[in-house]
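Reader: I would like to learn how to read the helices, sheets and contacts of a model like this one. Could we take them in turn, with the general idea before each case?

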Amino acid sequence: MYHIISIRDFERSDLDYLLDRAEEFDTLGYRSRALEDKLAALLFFEPSTRTRMSFATAMARLGGRWISVDSVEASSIVKGETLADTIRVLSSYADTIVLRHPKEGAARLASEFATVPVINAGDGAGQHPSQTLLDLYTIRQSMPIDGIDVGLLGDLRYGRTAHSLALALSLYGVTLHTIAPGGLEMPANITLELRERGTEVIEHADVEEVIRDLDVLYVTRIQRERFPDSASYYNVASSYRITPDLLTGVRENLMILHPLPRAGEIDPAVDRTPYARYFEQAKNGVPVRMALLHEVMK
Amino acid sequence: MTRKDPSGGLLVSPIRNGTVIDHITAGEALNVLRILGITGSTRECLSIATNVESKRLGKKDIVKIENRELRTEEVDRIALIAPHARINIIRDYHVAEKKGVEIPKVLKGVVRCPNPGCITNTNEPVASTFEVLDKGLHCLYCDWLIKNDIASHII
């Protein structure tokens with residue numbers, strides 16, 4: 001059985017294969033009935049708009065159907081049921097389980113109790129492989145991923161999308177530039193792992209010193225709840241804000257990505273520049289998740 | 001429990017039945033007891049020698065536990081903090097079994113994950129699982145890496 005749990009489980013050839021499959025669904029104009037008789041269970045124990053709706057859209061575009069739990073309050077978790085039991089039961093209802101859970105390792109646990117494939121749709125500060133695939137897909141639409149310079153900006157400590165993406169990019173020989181506020185730097189063990197994989201990781205104090213050398217700037221949300229008070233949050237957040245002025249002299253092919261939702265990290269005026277690619281990125285969630293759903297259920 | 005040997009070495013009284021853990025890394029004897037769940041309130045009859053001179057290790061600790069033979073999973077735990085330890089199972093004053101400790105490739109239910117957000121720190125019916133790497137212990141659920149002070153995380 002094929003589970004999609006962590007980007008660490010993938011070789012480069014697996015990633016390239018899935019990206020190729022997503023591209024096929026994209027060029028087909030989403031017209032496919034490949035999962036006509038299939039049912040997906042969308043089990044979301046944390047808020048999500050894009051991930052949940054793009055999985056539902058992907059299922060519908062493949063001719064399949066889905067059932068869903070959208071919050072902890074609406075589930076048996078409030079009655080003390082374990083995730084393991086929930087997964088056992090749902091395995092008998094659906095052909096695959098898409099799981100978003102606040103605890104790290106939840107998807108790995110689910111895969112041990114499930115009798116159908118499990119797709120990790122984000123587990124706490126851990127992994128979010130489908131987001132990483134759509135990030136890679138968006139980059140690959142514009143340039144070959146090999147050897148590019150990628151800046152990771154924002155909360156690199158708790159931001160799971162940045163960790164997953166960094167690990168995936170390490171398979172493509174990129175140079176990573178990290179820019180994070182004090183206390184929100186990339187965890188040392190992840191930086192170590194990246195360097196062990198042969199990736200050059202360069203830390204920068206602010207985005208201005210590196211933005212002109214980047215092909216991709218990946219911005220993540222600086223989470224307000226990580227700061228003791230509003231003043232210190234605004235202090236930090238304002239120094240990590242991308243504005244049109246900051247983009248003077250950048251490489252012509254620079255693309256700015258953001259997993260969304262954004263708080264204030266990117267000035268809406270940037271949306272009108274050719275560098276802003278985050279809405280396209282969000283749109284790419286559909287063909288990428290079509291490829292994943294099709295792959296585990298075909 | 002220890003007495004001076006006239007020849008200059010240190011001796012610890014022999015036990016009739018039980019386990020002798022020799023060649024424990026100096027200073028780790030009390031951690032070994034903690035790992036085995038032996039506290040002041042348990043009934044085992046113990047002999048502990050610490051910082052004893054050792055040809056192999058320079059200094060070592062020794063623990064003797066009467067009327068208890070260690071199980072494999074207990075030996076695994078000891079291996080984490082005393083990789084050179086030797087386990088001797090004693091029956092009627094004789095060494096019935098002699099074994100070294102070996103750190104297994106995967107530790108299941110031995111070490112608690114220090115990550116409070118890890119799924120293994122909830123009421124789910126799973127044991128913590130770590131793979132043993134050169135750089136430390138890697139949680140197979142949340143990817144946390146324990147590099148230092150492994151003893152304090154042992155369950």
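Reader: How many residues does helix α1 of chain A have, and what span is expected for that helix?

Author: The model is a predicted one, in which local features need pLDDT of at least 70 and side-chain atom pairs count only at pLDDT 80 or more, while totals for chains, interfaces and linings use all residues. Residues are numbered from 1 along each chain as its sequence is written, and chains are lettered from A and ligands numbered from 1 in the order in which they are written. Helices (H or I, at least four residues) and strands (E, at least two) are DSSP runs, numbered from the N terminus, and the expected span of a helix is 1.5 Å times one less than its number of residues. Helix α1(A), residues 12-27, has 16 residues and reaches 23 Å from its first C-alpha to its last, close to the 22 Å expected at 1.5 Å a residue. Just after α1(A), A:Gly29 takes a positive phi of about 70 degrees.

Reader: Which residues of α1(A) are buried, and which exposed residues does the face turned away from the buried side carry?

Author: An α-helix has 3.6 residues a turn, so residues three or four places apart point the same way. A residue is called buried if 20 or more other C-beta atoms lie within 10 Å of its own, exposed if 12 or fewer, and partly exposed in between, with C-beta atoms placed from the backbone. In α1(A) the buried residues are A:Leu15, A:Leu18, A:Leu19, A:Ala22 and A:Phe25. Seen down the axis of α1(A), these buried residues fall within an arc of 115 degrees (taken from the directions from the helix axis to the C-beta atoms), so they line one face of the helix. The face turned away from that buried side carries the exposed residues A:Ser13, A:Asp20 and A:Thr27.

Reader: What is the strand order of the open sheet in chain A?

Author: Strands of a sheet pair through backbone hydrogen bonds, either parallel or antiparallel, and two strands are taken to pair if DSSP finds at least two bridges between them. The open sheet of 4 strands in chain A has the order β2-β1-β3-β4, with parallel pairing. Strands β2 (65-69) and β4 (118-123) of chain A stand at the edges, each with a single partner strand, so one side of each is left without a neighbour in the sheet. From one strand to the next the twist averages 15 degrees, where axes are lines fitted to C-alpha atoms, for helices over the stretch in contact, and angles run from 0 to 180 degrees between N-to-C directions.

Reader: Which residues stand opposite one another along these strands?

Author: Strand β1(A), residues 39-44, pairs with β2(A) over 5 bridges in the parallel sense, and A:Leu42 stands opposite A:Ser68 in β2(A). Helix α3 (residues 83-91) of chain A packs on this sheet, touching β1(A) and β3(A), and its direction makes about 155 degrees with that of β3(A). Another 5 bridges join β1(A) to β3(A), with A:Leu99 in β3(A) as the bridge partner of A:Leu43. Between β3(A) and β4(A) there are 4 bridges, and the partner of A:Leu99 in β4(A) is A:Asn120.

Reader: How many residues of β3(A) are buried?

Author: In β3(A), 6 of the 6 residues are buried, so the strand is largely enclosed by the rest of the structure. Both faces are covered, with A:Thr96, A:Val98 and A:Arg100 buried on one side and A:Ile97, A:Leu99 and A:His101 buried on the other.

Reader: What is the pairing in the open sheet of chain B?

Author: In chain B, 4 strands form an open sheet in the order β8-β9-β10-β11, and the pairing is antiparallel. Strand β8(B) pairs with β9(B), residues 129-133, over 3 bridges, and B:Leu107 stands opposite B:Phe130. A hairpin through 2 residues joins β9(B) to β10(B), and B:Leu137 in β10(B) is the bridge partner of B:Val132.

Reader: How many residues of chain B are in contact with chain A?

Author: On the side of chain B, 15 residues are in contact with 13 residues of chain A.

Conventions
Contact = placed C-beta atoms within 7 Å.
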